[in-house]
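Keep the sequence and the model side by side while reading.

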Amino acid sequence: MGRYLGRRLLGLAAVLLVLSVLTFLLVALAPGDAATAIAERRAGPGASAVQIDHVRDDLGLNDPLPGQYVRWLGGAVRGDLGVSVRSLRPISGELAGRLGVTLALAAGALALVILMGVPLGVVAALRAGGWVDRILRLSAITAVSVPSFLVGYLLIYVVSLRLHLVSTLGGRDLRSFVLPWIVLALPFAGALSRVVRSTLLTTLGQPFITTGLSKGLGLATIARRDALPNAAVPILAVLGAQAGQILAGTVVVEAIFSIEGFGQYFLRAVSFRDIPAVQASVLLFAIGFVIANLIVDLLQAIVDPRIRAGLR
Amino acid sequence: MRGRRSMSWMVGLVGALVLLGAPACTGGDDQGGEPSAGTGIARDTIRVAISEPVGVLNPQDYTGNHVVLTMVYEPLLRYAADGSLEPGLAESYEASDDGLTYTFTLRDGVTFQDGTPFDAEAARFNLERWVGVPDHNWLGAANYISSIDAVDDSTLELTLSRPYYPMLQEMSLTRPVRFLSPDSVGPDGEFQEPVGTGPWMLDSDSDTETVLTRNDSYWGDQPTLSRVEFVVIPDPQARVAALQAGDVDVLGGEYLAPLAPEDVEVLRSDPGVQGLTAPGTSNLVLAFNAETGPLADLDVRQAINMALDRSSMSTALFNGLADPAASVFPTIIPFAASDSPPAFDPDGANELLESAGWTGSPVRSKGGEELSFDLVLDPSSFPQARSLSEAIKAELADVGIEVELRPLDSAGYGAAIVQDRDFDMAFFITYGAPYDPPSSLTNMFESSTASDDGKIFTSPRLDDLIGAALASTDEATRADDYERIWAYMSEESAAAPLLQQSRMWAVSSDVQGFELGATEYDLPLAGVTITS
């Protein structure tokens, strides 16, 4: 297990390094200029070319790109993500203040995905072909296909405007998290339920299930005790990918429900061409994505000894 | 056996995630206790929507939200709705005949929110933070004030290096001219806390909410309300829902939480909401890059001006919440031209282009040069740009002019408009009250003023005309000076004025006594009450 973990962590570092280069280049090569933005921020609507160039010098934006990259990476490794050109405050501090609300949003949604997706998938598999299965399939397809912003506005309209049950502003107290969680979780729960159903059905066709049935065990018992654990590896793989996508999905959901988290920070940084803040946000999103995948891989290795032995 | 063990960790995982989610969210915002719809809005608190966090509330910085700054800080003179200047922290002023010396008599007994007296010395301290500082040289006063004297506690004397009558109007602006307590800054004079003389003072500030409380020692009219909460709601749809649900009481304003014309329509049909609209103080203008190419041809610029159907743009794209613009500035701006909007005349445009030698179809050309232009737009900061540019494209196609739309993000747009001047046509919006006409004229039409908003049109002749109007000390001929500018712009078709957008606000019907301020930067709450 230790060697497996080491191997995975090494791979993770490589992925992050590549990601950091891509992030850096993406922003560096895009049109537009942060120095102008800062000069305007300092000098108002009439920043002169001299002032802009002065800012560019201050930020090291006149240096060659590789030099800028190395300086940035060196700071990032030490937890110094630079200073926001928009606020002139350290980015680490600004992001730290937003970590809690985005994690709460993503973690709650992930929990909801599992709580909805797994049981519904199991039910659909056990009732495969029946009307319950068909209704669940239709619901899952709907949940996956309807865009989050539409679901979000519909829920706000019905729950907040018509029924007056919760505030339209999310992420403040526990109650105000409920709608954002649902909106964020729905498409992923729909997709997960389909994966659980098909994986379970495949597993239920295996010979050891027939053996169980011939021993007189009920289908539900077999599904719970034997089929589901065997189906867990592919389901976990899907969940790992979903965890990353949920993190990305917070950008939209935070906008709909006025939640000041990572997503909003990222959006503002992009529109202001706040290069250090964009880089830091993308890097953190990437780290979140990679860590989610790492956790899933480790869980898979715990479930399935063949994985940690490197046999698969 | 193995199966059971696997099951239990899965249950454990789910449990852990639920637990992880629960405590983290209670830490989200301690102000908690969100009022849900219709209940519990305290009678002394008003909640105002704002599209992004207020930023650094330093008057000499350019990130702090304008409206919040005007509530905390005060100017020497106030800009009134009719364009006149009223006493603020200065009770009166006197200008010398040569237009070089201004003497302000300061109001007695005014103190900053930290108890520091506001006197001539405090005023001088503030002026020295921006007068002559290169960062603020977009502002005439920063360039032309040559000395600042605190004659006695209540007398402040400013000497200019050249006559510059707009100096007085610039004294009514928010940034960088308003007054910060000299005791509030750090040892090196650096900004620390927002402490002004205004009726509101900062209570708390976070990414989600900024709270102001009433300044009980305010010298002027005391507000009835004791608390203003600015609630950050970035999404325009979510803002409309928040007002309808009662989560905020005030929504709108160009610098707080802009409303779209279609949202005003929705809100007007809601009995729980009162809509407030008024003619705006800035104009939307289509600028031409007239230095090179076919747009250097006056006939082409005139033809474009004739081919644009401003009244259908107003009704179809803005639900009537914009009026066809006649000139660069709306008539509400001091000294603005009193022209009527150019007539919509596509036939005349076709004839003009034909007689100027631009022929052919579907795209006219002359000497191998086609009437094909790009129109650069930034939909993120001006959402109506998309539909408006589509309309312009279609209208100009009717007179044989091809338009290619080039949407850019804000940063890319700034580069294209200002540094590279890489555009044929682009939308400009004049600054509006209290900046105009001087600020838009110098920043957008005068070649010598460095501007971060780019130039609409420049020429040596226009430079002369603008310079003469701003340096004149003769009030009697000032209107004539400006008339010459407007006449020249019109002869040259220097730009195509499009629309005067309305000011759009909406407030909950629980709110009484709400009136629009003199400018979009003001949020006067003195007479406002809430019952619920």
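## Starting at one leucine

Leaving out neighbours within four places in sequence, A:L179 is in contact with A:L155, A:V159, A:V166, A:G170 and A:F257. Contact here means that the C-beta atoms of two residues, placed from the backbone, lie within 7 Å. A:L179 sits in helix 8 (residues 174–204) of chain A. Helices (H or I, at least four residues) and strands (E, at least two) are DSSP runs, numbered from the N terminus. A:L179 counts as buried because it has 23 C-beta neighbours inside 10 Å. A residue is buried if 20 or more other C-beta atoms lie within 10 Å of its own, exposed if 12 or fewer, and partly exposed in between, with C-beta atoms placed from the backbone. The C-alpha atoms of A:L179 and A:V151 are 9.8 Å apart, and the two residues are 28 residues apart along the chain.

This is a predicted model, in which local features need pLDDT of at least 70, side-chain atom pairs count only at pLDDT 80 or more, and totals for chains, interfaces and linings use all residues. Residues are numbered from 1 along each chain as its sequence is written, while chains are lettered from A and ligands numbered from 1 in the order in which they are written.

## The two chains

Chain A has 13 helices and 0 strands. Buried residues make up 47% of its 312 residues. Its C-alpha atoms fill a box of roughly 85 × 55 × 30 Å along the principal axes. Among chain A contacts between residues at least 6 apart in sequence, 71% join residues at least 24 apart.

Chain B has 15 helices and 22 strands. Its radius of gyration, 26 Å, is close to the 24 Å that the globule rule gives for 532 residues, so chain B is as compact as a globular protein of that length. The radius is taken over C-alpha atoms, and the rule is 2.2 Å times the number of residues to the power 0.38. The C-alpha trace of chain B spans about 85 × 85 × 45 Å along its principal axes. Of its 532 residues, 49% count as buried. Of the chain B contacts with a separation of 6 or more, 67% are between residues 24 or more positions apart.

## The nonpolar core

The largest nonpolar core has 230 residues. Such a core is a set of buried Ala, Val, Leu, Ile, Met, Phe, Trp, Tyr and Cys residues joined through C-beta atoms within 7 Å. Helix 5 (residues 91–126) of chain A gives the largest share of this core, 19 residues. The residues with the most contacts inside the core include A:A109, A:V113, B:A49 and B:A495. Setting aside residues up to four places away in sequence, B:A495 touches B:V285, B:L286, B:A287, B:F288, B:V328, B:I456 and B:F457.

The axes of helix 9 (residues 207–214) and helix 10 (residues 219–256) of chain A come within 11 Å and cross at roughly 145 degrees. Axes are lines fitted to C-alpha atoms, for helices over the stretch in contact, and angles run from 0 to 180 degrees between N-to-C directions. From helix 9, A:F208, A:I209, A:G212 and A:L213 meet A:I222, A:D226 and A:A227 in helix 10.

How much of helix 11 (residues 262–271) of chain A is buried? The count is 8 of its 10 residues, so helix 11 is largely enclosed by the rest of the structure. Among the buried ones are A:F262, A:Y265 and A:R268. The buried residues of helix 11 pack against helix 5, helix 10 and helix 12 (275–303) of chain A. After helix 11 comes A:R273, with a positive phi near 55 degrees.

## Backbone details in loops

| Cis bond | Omega |
|---|---|
| B:A433 to B:P434 | about 5 degrees |
| B:D436 to B:P437 | about 0 degrees |

B:P434 is in the loop between strand 19 (425–429) and helix 13 (438–445) of chain B. B:P437 is in the loop between strand 19 and helix 13 of chain B.

A:H164 is not a glycine, yet its phi is positive, about 55 degrees. A:H164 lies in the loop between helix 7 (148–162) and helix 8 of chain A. It has 14 C-beta neighbours inside 10 Å, so A:H164 counts as partly exposed.
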